[in-house]
Structure formats: C-alpha cells, structure tokens
Amino acid sequence: TNGGVTMPPLSRTAAGFERQTGENHYGHYLPTLLLKAALERIICRLVFCGMCKDADPTIDYDDLAWEKRKYAPDLAYGQSKLANALHAREIPKRFAGVTAYSLHPGWVESRLMRHAGPGCVVACLTCCFKHVAGQMMGVDDGSQTSLFCALSDAEQLESGAFYSQVGIYQDPVAA
C-alpha cells in the first residue's frame, strides 16, 4: 500500500480525516478489513522522510485528525507511515493465514516530494541528491524491495517485519 501523499498543506478527506493519514493509511486499512478473507499477503510500502523534524514519528491517538494542535505536514506524514508499519505488524496476529510486510524502497526519483516546498527548492534538492550525492534511484532499483516481499516464499520472510532496500537491481547490460 502507498497513497503517495507527502506533506501537502492541511486538507481533509471526504470522511474528515487529515489527508495524509486518510490516503496513506485509512485508504488501505479499510479494504484490508473488508477483503481479509481473500488475502494471503499484504505489503505496506513506506517512505519515511529523512528531512522531517521528528526522526522518530509517533502517533497522537488523542488528535489523529490534527484538530487540536498546529498542523505539521512532516509530522503528519510520519504519523501516517508509522500507522502503516504498525498495521503490517498486527496483521499476522489478527488474521489467520495472512502474512504482511512493511518496506522502505529507498529514495526513488518520483513526484512524491512535490508538496515539500516551492518548486524550485524541491527541483534543486532532487538534482543535488540524485546527481551530486547519488542518493536517488530509478524505478528499477526502487521496485526491488517491493518485488522481493511480493514474490519471495513466505518461509524466506518474517511476517510483520520491515524490509529496506533489499535486492537492489543491477542492470546486467551495464555491468
């Protein structure tokens, strides 16, 4: 699961949830509950943001919708992704015969950070990380951990576990 919403200005889903938690977590949680009898494997794709103010995200259970406190887009994003990871840990405990994994694919070149700041700043940061620091990866590399969790035999994986940048793709033609 991955809603692909990162640090937008405060907005709400039609149901009234803070947008990031609504799209990144609840939007996948409800179908999981509704389809649990047909599911065998669930993969929660997380992208924790290294630029966030709070490196260790927490969930404020008293204010899930950000109605009582000042909205912080980066902290709301971290809260939505932590909810995904906790969801993946709970699934094998609550649904017999269903395995679940959470993963971080690495920093993949995408439009994910489009709300992180003014366009020129985001474009500059993207360029710097991609070309100067070599931190960003293309979609081939970015898909490998998802594919690993989706295609590996269940015996090779620990249900409820978190995986990060497993099996980075190496182009045999370029090697």
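Two strands are taken as paired where DSSP finds at least two bridges between them. In the predicted model, three strands meet this description and form an open sheet in the order E1-E2-E3, with parallel pairing. Strand E1 (41-45) and strand E3 (162-164) are the edge strands, each pairing on one side only. From one strand to the next, the twist averages 25°.

E1 is joined to strand E2 (residues 99-104) by five bridges, and the two run parallel. Within this pair, Arg 41 has Thr 99 of E2 as its bridge partner. Two helices pack on the sheet. Helix H2 (residues 73-94) touches E1 and E2, and its direction makes about 155° with that of E2. Helix H4 (residues 139-151) touches E1, E2 and E3, and the angle between its direction and that of E1 is about 165°.

H2 also packs with helix H1 (residues 19-35), at an angle of about 20° and with the axes 7 Å apart. Angles under 35 degrees count as roughly parallel, and H1 and H2 are therefore roughly parallel to each other. The crossing in which H1 passes H2 is left-handed. On the H1 side, the contact is made by Gln 20, Thr 21, Asn 24, His 25, Tyr 29 and Thr 32. The H2 side contributes Pro 73, Ala 76, Tyr 77, Gln 79, Ser 80, Lys 81, Ala 83, Asn 84, His 87 and Ile 91. By class, the contact of H1 with H2 comprises six nonpolar, nine polar and one charged residues.

Terms used:
Residues are numbered from 1 along each chain as its sequence is written. This is a predicted model: local features need pLDDT of at least 70, side-chain atom pairs count only at pLDDT 80 or more; totals for chains, interfaces and linings use all residues. Side-chain values use heavy atoms; hydrogens and water are left out. Helices (H or I, at least four residues) and strands (E, at least two) are DSSP runs, numbered from the N terminus. Axes are lines fitted to C-alpha atoms, for helices over the stretch in contact, and angles run from 0 to 180 degrees between N-to-C directions. Contact means heavy atoms within 4.5 Å. Angles under 35 degrees count as roughly parallel, over 145 as roughly antiparallel, 65 to 115 as roughly perpendicular and the rest as oblique. A crossing is left-handed if the near helix is turned anticlockwise from the far one by less than a right angle, and right-handed if clockwise. Ala, Val, Leu, Ile, Met, Phe, Trp, Tyr, Cys and Pro count as nonpolar, Asp, Glu, Lys and Arg as charged, and the others, Gly among them, as polar.
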